[in-house]
Amino acid sequence: MRKVADPHLSRSRSTGETKPLRVVGNKLVLGWKESVVLPDLGNIRLPAKLDTGARTSALHAVGMNYSKSRSAMWIEFELPDIDQALRHRFRLPVAEHRSVKSSTGMAQIRPVVILTLRLADQVWSTEVTLTDRSDMELPMLIGRSALKGKFLVDPSRTRLAGPISSTNHVGAPVRKTVIKKPERTPQT
């Protein structure tokens, strides 16, 4: 029989010690940086910033192309790994376009898609804008509208949820984003 981890426990990466996640009311307390799994995108695991100052969630996307099919608008985009060596290509329906004020204060019109997120013991769907976040530290930002009613964020802590298990909520394997360093050729 497979042992199921308690969703309210976190395992320390350095010591392996299991600690309970802090719960306030009915909300889990997480740090400002956590790992999120995106089941709609092949269970890719990404580091994400939990930002209560941002209303809308955003995902790093490059090479965006639109197409129309049966009266629905679709967007095809690439999600590069951190070192840009490997790119994952995805196609999703566009829910709408929205004006979003970026971190630089400039308004941008961005495509909005609906994505399922898995964070700590929660799985839910939310609106996510697609934008080039290559100048940001983390490829995903989870805004307050996605966090509302589920989590509280402790801005002084990171990775309180601990590492995500190797399976998603339905038992399928979780695909990690791979960070491959270019091989060095010996110098002669």
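What follows is a chat about a predicted model of one protein chain.

Me: Which elements have the lowest and the highest mean pLDDT?
Reply: Strand β16, residues 175-176, has the lowest mean at 45. The highest is strand β14, residues 140-143, with 98.

Me: And where is the pLDDT below 50?
Reply: Residues 1-6 are one such stretch, with one contact in the model beyond near neighbours in sequence. Residues 166-186 are also below 50, but that stretch has 36 contacts beyond near neighbours.

Me: OK, on to sheets. What's the strand order in the sheet with β9?
Reply: The order is β8-β9-β10, in an open sheet of three strands with antiparallel pairing. The edges are β8 (62-69) and β10 (87-93), each pairing on one side only. Neighbouring strands there are turned by 20° against each other on average, ignoring direction.

Me: How many bridges between β8 and β9?
Reply: Six, with β9 covering residues 72-80. As a landmark, Y66 stands opposite I75 in β9.

Me: Now the sheet with mixed pairing. Which strands are in it?
Reply: That one is β3-β4-β15, an open sheet of three strands. Its edge strands are β3 and β15, each with pairing on one side only.

Me: Which of its pairings is parallel and which antiparallel?
Reply: β3 (residues 23-24) and β4 run antiparallel, joined by two bridges. β4 and β15 (residues 151-154) run parallel, joined by four bridges.

Me: What about the turn from β3 to β4?
Reply: The two strands form a hairpin with two residues between them. G25 sits in that turn with a positive phi of about 65°.

Me: Why call β4 largely enclosed?
Reply: Because four of its five residues, 27-31, are buried, the strand is largely enclosed by the rest of the structure.

Me: Let's look at D154. Where is it, and is it buried or exposed?
Reply: D154 is in strand β15. It counts as buried, since its relative accessibility is 18% and the cut-off for buried is under 20%.

Me: What does D154 touch?
Reply: Leaving out residues up to four places away in sequence, it touches R22, V29, L30, G31 and W32. There's also a polar contact of 2.6 Å between the side chains of D154 and S156.

Me: Switching to histidines. Where's H60, and is it buried or exposed?
Reply: H60 is in strand β7, residues 57-60. It's buried, with a relative accessible area of 5%.

Me: What lies 2.7 Å from a polar atom of the H60 side chain?
Reply: The backbone nitrogen of R133.

Me: Where do N43 and R159 lie?
Reply: N43 is in the loop between β5 (33-38) and β6 (44-51). R159 is in the loop between β15 and β16.

Me: And how do they score on accessibility?
Reply: N43 counts as buried at 9% relative accessibility, whereas R159 counts as partly exposed at 28%.

Notes: Residues numbered from 1 in each chain as written. Predicted model: local features only at pLDDT ≥ 70, side-chain atom pairs only at ≥ 80, totals over all residues. Heavy atoms only, no water. Pairing = 2+ DSSP bridges. Axes fitted to C-alpha atoms, helices over the stretch in contact; angles between N-to-C directions. Buried < 20%, exposed > 50% of the residue type's maximum accessible area, 1.4 Å probe, protein only. Polar contact = N/O pair within 3.5 Å; in protein donor to acceptor, adjacent residues only side chain to side chain. pLDDT = per-residue confidence, 0-100. Contact = heavy atoms within 4.5 Å.
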